Amino acid sequence: MKFPLRINYKERFIPNVLITVLGLRSIRPILVAIDTGSDTTILSYKDANTLQIPVKDMSTVKKIYGIGKDEVELCEYKKGLVFSLKDESNKTSRIKLDRIYISKDKEGANITIIGIDFLKDNNFSLYYNPNGQAYLEKDDLDKNIDQVKEKEK
Amino acid sequence: MNIASDYMDNEEKVFENAQKNLKFFDDNFKSFESKFPNRFVAVSGANLVATSETVDDILEKVKERKIDESDLLIEFIPLPGSILVL
């Protein structure tokens, strides 16, 4: 099962994909970047707010460091989010995240990133050719995917 | 119709509208880059509905203007030629 990724991200060759995210109170579309340089999947402050998650009231649980000296504070959201992705046949697959980190950083580009943890936990492989195509791929028989759908039946 | 199918229909509608917004964003990115560098833009109904320098302000503008948030796309416009590091 392949999930096509976009290559053009604001004229940069960063793999990205439009997904819908189901929160406690709403469904929102979010453009996410795939970042194998990040250990962790991180929801941006902007996207968390559109999902009506009260980031301002949440405590910092972790700090992350990038290539510069600046650190970014993260809070932890444990009420569950569902990421929905479209595969190459336009079928929707849903993946529940029981816990996700949210960036408290209001500055900068406010990009939600899918990190290595998401790829690893859900057995995704990443194919990326900046001059061609990019996609996430997973075994059709993987039991983790569509777990939400199964619960709904 | 049960809750699950209602949810799936709604999710499908949100995705389709968001795709249109994303296409509008992509098609107009060069123009946004020259007009709104270092700002956030909000796209809804395949139209530009708000811009701002800060996240909090653009979220506030969207609420004040009672813009449908279900398919809203808010994206940061980097400076032309800048390097984007995640």
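**Core, chain B and the A–B contact**

User: Which residues have the most contacts inside the largest nonpolar core?
Analyst: The largest nonpolar core has 51 residues, and those with the most contacts inside it are A:Val32, A:Ile102, B:Ala42, B:Ile58 and B:Leu73. This is a predicted model.

User: Which element supplies the largest share of this core?
Analyst: Strand S3 (residues 27-34) of chain A, with five residues. As background, nonpolar side chains in soluble globular proteins tend to be buried together.

User: What is A:Ile102 in contact with, leaving aside its neighbours within four places in sequence?
Analyst: Its contacts are A:Leu43, A:Tyr45, A:Ala48, A:Ile53, A:Val55, A:Leu74, A:Cys75 and A:Tyr77.

User: Take A:Ile53 from that list. Where is the place of A:Ile53 in chain A?
Analyst: A:Ile53 sits in the loop between helix H1 (45-50) and strand S5 (62-65) of chain A.

User: Is A:Ile53 buried or exposed?
Analyst: A:Ile53 counts as buried, because it has 23 C-beta neighbours inside 10 Å and the cut-off for buried is 20 or more.

User: Which residues does A:Ile53 touch, not counting those up to four places away in sequence?
Analyst: A:Gly23, A:Ala48, A:Tyr77 and A:Ile102. For A:Leu24, 29 residues apart from A:Ile53 along the chain, the C-alpha separation is 8.5 Å.

User: Switching to chain B. How many helices and strands has it?
Analyst: Chain B has three helices and three strands, and from the N terminus on the elements run α-α-β-β-α-β. The C-alpha trace of chain B spans about 50 × 25 × 25 Å along its principal axes.

User: What percentage of the residues in chain B is buried?
Analyst: Buried residues make up 24% of the 86 in chain B. Of the chain B contacts between residues at least 6 apart in sequence, 50% join residues at least 24 apart.

User: And the sheet, what order do the strands of chain B have?
Analyst: The order is S2-S1-S3 in an open sheet of three strands, with antiparallel pairing. S2 and S3 of chain B are at the edges with a single partner strand each, so one side of each has no neighbour in the sheet. From one strand to the next, the twist averages 25°.

User: How many bridges join S1(B) to S2(B)?
Analyst: Five, and the two strands run antiparallel.

User: Where does H3(B) lie?
Analyst: H3(B) lies across S1, S2 and S3 of chain B and runs at about 135° to S2(B). Just after H3(B), B:Lys66 takes a positive phi of about 50°.

User: Which residues of H3(B) are buried?
Analyst: B:Val55, B:Ile58, B:Leu59 and B:Val62. They cover an arc of only 100° around the axis, so they are on the same side of H3(B).

User: Why would that spacing put residues on one side?
Analyst: An α-helix has 3.6 residues a turn, so residues three or four places apart point the same way.

User: What covers the buried residues of H3(B)?
Analyst: The cover includes H1 of chain A, together with strand S1 (39-44), strand S2 (47-52) and S3 of chain B.

User: Last topic, the interface. How many residues of each chain are in contact?
Analyst: 25 residues of chain B are in contact with 26 of chain A. Helix H1 (3-27), helix H3 (55-64) and strand S3 (73-77) of chain B each supply at least two residues of the side touching chain A. H1(B) gives the most, eight residues.

User: How do the residues on that side of chain B divide?
Analyst: Into 16 nonpolar, four polar and five charged.

Note on methods. Residues numbered from 1 in each chain as written. Chains lettered and ligands numbered in written order. Predicted model: local features only at pLDDT ≥ 70, side-chain atom pairs only at ≥ 80, totals over all residues. Helix = DSSP H or I, 4+ residues; strand = E, 2+ residues; numbered from the N terminus. Buried ≥ 20, exposed ≤ 12 C-beta atoms within 10 Å, placed from the backbone. Contact = placed C-beta atoms within 7 Å. Nonpolar A, V, L, I, M, F, W, Y, C, P; charged D, E, K, R; others polar. Arc of directions from axis to C-beta. Pairing = 2+ DSSP bridges. Axes fitted to C-alpha atoms, helices over the stretch in contact; angles between N-to-C directions. Core = buried A, V, L, I, M, F, W, Y, C linked by C-beta atoms within 7 Å.
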